[in-house]
Amino acid sequence: MRQVRTLGLLGTGVIGGGWAARALHFGIDVIAADVKPEMEGWIRGAIANAEPALARLTSAPLPPKGTLTFTADLNAMAAQADFIQENIPEQIELKQRVLAQVSRHAPAAVVIASSTSGIMPSDLQRDMLSPERLIVGHPFNPVYLLPLVELVGGNRTSEASLEAAARFYTYIGMHPLRVRREIPGHLTDRLQEALWREILHLVNDGVATTGELDESIIYGPGLRWAGMGTNQIYHLAGGEAGMRHMLAQFGPCLKWPWTKLEAPELTDRLIDRMVEGTSAQAAGRSIRELERLRDEYLVAIQQVLRQFDIGAGSTLRALEIRLYSDATTRQAIRPEDPRQPLRLVATPVRPDWIDYNGHMTDYRYLQVFGDAVDALFRRVGIDEQYRAKGRAPYTVETHVTYLAEVRQADSLYVTTQILAVDAKRLQLFHRLHRADGTLAATAEQMFVHVDVASGKSSPMAAETLAKLEAIRAAHAGLPRPPEAGRAIGMRR
Ligand SMILES: NC(=O)c1ccc[n+]([C@@H]2O[C@H](COP(=O)([O-])OP(=O)(O)OC[C@H]3O[C@@H](n4cnc5c(N)ncnc54)[C@H](O)[C@@H]3O)[C@@H](O)[C@H]2O)c1
């Protein structure tokens with residue numbers, strides 16, 4: 001299977017646009033193909049809409065963004081892509097025909113994935129050339145923020161294709177969930193539809209409005225579901241005896257039964273109730289406004305889950321570890337001038353970093369300098385494995401000077417100079433620049449290396465000290481920054 005540098009998209013609607021935004025963000029070039037040439041403007045707009053939220057997902061160093069090209073020639077796209085993701089309408093004959101056509105123009109080593117919400121891969125691969133490379137890669141909207149992708153093989157799919165797809169999806173920050181056996185609706189849509197059918201019944205029977213049913217999820221189960229699924233949550237519901245007790249206690253209810261399996265008839269009355277209910281919930285907000293709100297909280301939730309290393313937070317954490325390691329490799333291939341301060345972090349100023357004066361708020365400076373420290377530490381071997389051995393540098397003093405205004409959407413980068421280092425101490429000097437080179441802030445910091453269990457200072461690992469010492473020696477020729485060693489005082 002080929003290494004994926006270029007993703008080919010077949011169909012550039014809601015889902016194609018989401019795939020494009022995610023892939024470009026993580027450095028993959030995209031060739032987007034759609035039968036409607038006017039979709040070029042649409043997909044460019046969709047990518048621009050996704051960007052603010054994506055930019056906030058992680059501050060780990062990203063590779064240069066991929067580039068987007070658009071074509072209405074599906075065969076030309078197929079001939080150039082390393083991996084093809086199909087996102088055309090959910091009609092089996094249409095998908096079969098287009099997949100068969102594209103398979104005749106894509107080299108046999110190119111995996112072809114379908115975003116289908118529920119069609120089985122064995123049906124999709126029926127008329128294809130080299131059907132063993134057809135998989136279902138079912139994503140979730142918004143594809144650029146939700147990591148889940150269900151991976152399903154058909155009768156003729158090869159294991160190698162599934163593995164190659166899992167590698168590619170992981171590379172662009174996703175969580176591939178291997179579905180053991182193809183079934184209509186895969187796993188997640190089957191679960192979602194069960195809930196959806198009950199919602200339609202409850203609205204149809206006049207028991208609840210769409211708003212009340214959404215409340216029944218978002219104030220309760222929805223909060224739990226982000227970190228633990230239904231099964232794990234029910235295991236906890238059984239008390240000390242866990243799932244066994246839970247089944248003994250609530251199992252009999254399953255026979256009552258509470259739920260209705262058949263979907264209700266979609267009558268005009270039911271459709272009106274659903275539409276009126278959801279437009280009342282929107283309270284005048286447009287779809288775009290609601291999407292922005294959804295994107296903001298999806299980013300924030302993933303960042304919280306990362307602290308607990310569960311669910312989507314684990315995926316984000318693993319992605320960041322790889323991004324830092326890739327940045328180190330890129331740096332080794334194109335080394336910087338070792339005599340200059342290290343350029344460790346580049347970031348746009350995010351909207352939530354701005355205070356009431358329209359400037360970046362104070363503590364965000366510390367965060368950006370902290371990201372630079374984190375990147376330096378990773379470069380010299382202070383990472384999760386290092387800290388797992390019960391040792392870490394602790395910050396003992398920081399002195400920030402604010403020199404120029406930083407506003408929303410400015411691009412920033414930080415350079416770091418090592419002023420001094422010994423086995424237990426490290427003194428750093430950072431400069432925060434705006435993209436135009438203006439020096440916006442500086443920070444001087446002292447760290448003490450600590451044995452975490454005793455809370456006492458302790459020598460750092462010899463190889464880490466050697467790396468820091470080599471950087472310091474290379475920085476020895478730099479002038480001492482005028483802000484270094486400054487104290488706060490008022491001239492009289
Ligand atoms: N919308 C969702 O929430 C969602 C989620 C997961 C998966 N999916 C699946 O993704 C697929 C696409 O869904 P969508 O919501 O993006 O649909 P969409 O209608 O927004 O986009 C479909 C695009 O395919 C294009 N198209 C139609 N025929 C084509 C052809 N022959 N060749 C190339 N392009 C063609 C259309 O011009 C359109 O731009 C479906 O299979 C759907 O089940 C959708």
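How far from an oxygen atom of the ligand does a polar side-chain atom of K95 lie? The distance is 2.6 Å. Before I go on, please keep in mind that this is a predicted model.

I'll stay with the ligand for a moment. Its shell holds 23 residues, and the closest of them are I15, D34, E90, K95 and S117. For D34, a polar side-chain atom sits 2.7 Å from an oxygen atom of the ligand. For S117, the distance from a polar side-chain atom to a ligand oxygen is 2.7 Å. Taken on its own, the ligand has 830 Å² of accessible area, and the protein covers 78% of that.

Next, the make-up of the shell. Sorted by residue class, the shell around the ligand has 10 nonpolar, nine polar and four charged members. As for where they come from, two helices, α1 (14–25) and α4 (92–103), each give at least two residues to the shell. Which element supplies the largest share? That is α4, with three residues.

Now to the strands, starting with β7. This strand covers residues 148–153, and five of its six residues are buried, so by the cut-off of under 20% relative accessible area it is mostly covered. β7 has partners in two senses. With β6, residues 134–138, the pairing is antiparallel and runs over four bridges. Within that pairing, V136 stands opposite V152 of β7. With β8, residues 175–178, the strands run parallel, and four bridges join them. Here E150 has L177 in β8 as its bridge partner.

You will find D82 in the loop between α3 (74–80) and β4 (83–86). Is D82 buried or exposed? Its relative accessibility is 12%, and the cut-off for buried is under 20%, so D82 counts as buried. The D82 side chain also has a contact to the backbone: it reaches the backbone nitrogen of R5 at 2.9 Å.

To recap the ligand site: polar side-chain atoms of D34, K95 and S117 each lie by a ligand oxygen at the distances I gave. On the strand side, β7 pairs antiparallel with β6 and parallel with β8. That is what I have for today.

Conventions: Residues numbered from 1 in each chain as written. Predicted model: local features only at pLDDT ≥ 70, side-chain atom pairs only at ≥ 80, totals over all residues. Heavy atoms only, no water. Near = heavy atom within 4 Å. Polar contact = N/O pair within 3.5 Å; in protein donor to acceptor, adjacent residues only side chain to side chain. Areas by Shrake-Rupley, 256 points an atom, 1.4 Å probe, with all protein chains shown as cover. Nonpolar A, V, L, I, M, F, W, Y, C, P; charged D, E, K, R; others polar. Buried < 20%, exposed > 50% of the residue type's maximum accessible area, 1.4 Å probe, protein only. Pairing = 2+ DSSP bridges.
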